[in-house]
Amino acid sequence: MDGSRRNSESYAAYRSVAGLGASPQEFRSMALDSLRALLRRADNAIRAQELVDKADALNSAGKLVEFLIGLSGIEHGELSDRLASIYQFVMTAIMRANAHNDLQALADASHAIEHVAAIWRTIFAGVEEPAA
C-alpha cells in the first residue's frame, strides 16, 4: 500500500470517529460514559475469569483516563489539579485491578468516576452550547 492511500484511509478513519465536532463537555461526557462501561466490562471479565478481555478493557480504560488527565490540565488551577488527582487515583486502581484481578480496586475506580460524572452533569445541566 502506498503512503498516500494509507494517509487517505487514516484520514477517513479519523473523520468517522463518533463525536467529531463535539463540544469539550460532550467529549468529557462521552469519555466518562465509555470509561464507566469499560470498568463494568473489566469487572465482568474478572468474575468470568476472561483475563484477555479484562486486560483489553483495562488497557482501553487507561487510555481514556490519560485523555481525561490531559483535558483536566488544559487550564491550570485548583479544579484541574483536583481532577488530575482523581484521575491519577483511578489510573492507579486500574493498574492494580489489571495486575491482581482486584475487584475492590475496580469498585473504587468506578465509584470515583461515577462521582465525577455526576458532578459534571450537575455543572452543565441546562447550559446551552455556544452557536458555531
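Student: Is Arg96 buried, exposed or partly exposed?

Tutor: In this predicted model, Arg96 has a relative accessible area of 32%, so Arg96 is partly exposed (under 20% is buried, over 50% exposed, in between partly exposed, with a 1.4 Å probe on protein chains only). Local features here need pLDDT of at least 70 and side-chain atom pairs 80 or more, while totals for chains, interfaces and linings use all residues. Numbering starts from 1 along each chain as its sequence is written, and side-chain values use heavy atoms, leaving out hydrogens and water.

Student: Which residue forms a salt bridge with Arg96?

Tutor: Asp102 does, with the closest N and O atoms 3.4 Å apart (a salt bridge puts a side-chain nitrogen of Lys or Arg within 4 Å of a carboxyl oxygen of Asp or Glu). Asp102 is partly exposed too, at 23%.

Student: How many salt bridges does the structure hold?

Tutor: Eight. One of them pairs Arg41 with Asp53, at 2.7 Å from N to O. That pair links distant parts of the chain, twelve residues apart: Arg41 sits in helix α2 (residues 24-47) and Asp53 in helix α3 (helices are DSSP runs of H or I, at least four residues, numbered from the N terminus). Both partners are partly exposed, Arg41 at 29% and Asp53 at 26%. Another salt bridge joins Arg82 and Glu78, with 2.6 Å between the closest N and O atoms. Those two are four residues apart in helix α4, so about one helical turn separates them. Arg82 and Glu78 are both exposed.

Student: How do I read two packed helices?

Tutor: Use the angle between their axes and the distance between the axes. Helix α4 (residues 78-100) and helix α5 (residues 103-124) have axes that come within 8 Å and cross at roughly 150°. They are therefore roughly antiparallel to each other (over 145 degrees; under 35 is roughly parallel, 65 to 115 roughly perpendicular, the rest oblique). Residues that meet there include Leu83, Ile86 and Phe89 in α4, and Ala109, Ile113 and Trp120 in α5. The residues of this contact divide into 15 nonpolar, no polar and two charged.

Student: At what angle do the axes of α3 and α4 cross?

Tutor: Roughly 165°, and the axes of α3 (residues 51-72) and α4 come within 9 Å. That makes α3 roughly antiparallel to α4. Among the residues making the contact are Leu58, Val65 and Ile69 of α3, and Tyr87, Met91 and Ile94 of α4. Here the division is 13 nonpolar, five polar and two charged.

Key
Axes are lines fitted to C-alpha atoms, for helices over the stretch in contact, and angles run from 0 to 180 degrees between N-to-C directions. Contact means heavy atoms within 4.5 Å. Ala, Val, Leu, Ile, Met, Phe, Trp, Tyr, Cys and Pro count as nonpolar, Asp, Glu, Lys and Arg as charged, and the others, Gly among them, as polar.
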